[in-house]
Amino acid sequence: METLRSKYLLQRYLDKTATPAEIDELMAWIEAEPDPEILATLVDRAWDDFPRVRGILTENESEQMLRHVLDHESETIPVPR
């Protein structure tokens, strides 16, 4: 999948505006992407663009969550739909 399309789908997913078909397309791309660096770059950019005003997590909580995800990256994580 082209990077622009994957970026679009990820943003729609994060904004909770993705259609079920878009979610399926994004999840299929994530599962099929052979280069983890491409996915990591896409997620990093989405995170940088994510509005900080929501105040969902503190910086420390964010770091802990990221560390946990990276430590368990080989495990299957259920994806909410």
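Predicted model: local features only at pLDDT ≥ 70, side-chain atom pairs only at ≥ 80, totals over all residues.
The chain has 81 residues, of which 17% are buried.

The secondary structure consists of four helices and zero strands, and a walk along the sequence gives the pattern α-α-α-α. Contacts can also be sorted by how far apart the partners sit in the sequence. Of the contacts between residues at least 6 apart in sequence, 39% link residues that are at least 24 apart.

The pairing of helix α1 with helix α2 comes next. Helix α1 covers residues 3-14 and helix α2 covers residues 20-32. Their axes lie 10 Å apart, and the two helices pack at an angle of about 125°. With that angle, α1 is oblique to α2. The crossing in which α1 passes α2 is left-handed. On the α1 side, the residues that take part are Arg5, Ser6, Tyr8, Leu9, Leu10, Arg12 and Tyr13; on the α2 side, they meet Glu22, Ile23, Glu25, Leu26, Met27 and Trp29. Sorted by class, this contact of α1 with α2 holds eight nonpolar residues, four charged residues and one polar residue.

Helix α1 also packs with helix α3, which spans residues 36-49. Here the angle is about 50°, and the axes are 10 Å apart. This angle makes α1 oblique to α3. In this pairing, α1 passes α3 in a right-handed crossing. The α1 residues Ser6, Lys7, Leu10 and Leu14 meet Leu42, Val43 and Ala46 of α3. By class, the contact of α1 with α3 is made up of five nonpolar residues, one polar residue and one charged residue.

Arginine 12 is located in helix α1. Is arginine 12 buried, partly exposed or exposed? Its relative accessible area is 22%, so arginine 12 counts as partly exposed; the cut-off for buried is under 20%. Leaving aside residues up to four places away in sequence, arginine 12 touches Thr17, Ala18, Thr19 and Glu22. Arginine 12 and isoleucine 23 are 11 residues apart along the chain, and their C-alpha atoms are separated by 8.6 Å.

Lysine 16 sits in the loop between α1 and α2. Lysine 16 is counted as exposed because its relative accessibility is 76%, where exposed means over 50%. The backbone of lysine 16 is worth a glance too: its phi is near 60°, a positive value in a residue other than glycine.

Note on methods:
Residues numbered from 1 in each chain as written. Heavy atoms only, no water. Axes fitted to C-alpha atoms, helices over the stretch in contact; angles between N-to-C directions. Parallel < 35°, antiparallel > 145°, perpendicular 65-115°, else oblique. Left-handed = near helix turned anticlockwise from the far one by under 90°. Contact = heavy atoms within 4.5 Å. Nonpolar A, V, L, I, M, F, W, Y, C, P; charged D, E, K, R; others polar. Buried < 20%, exposed > 50% of the residue type's maximum accessible area, 1.4 Å probe, protein only.
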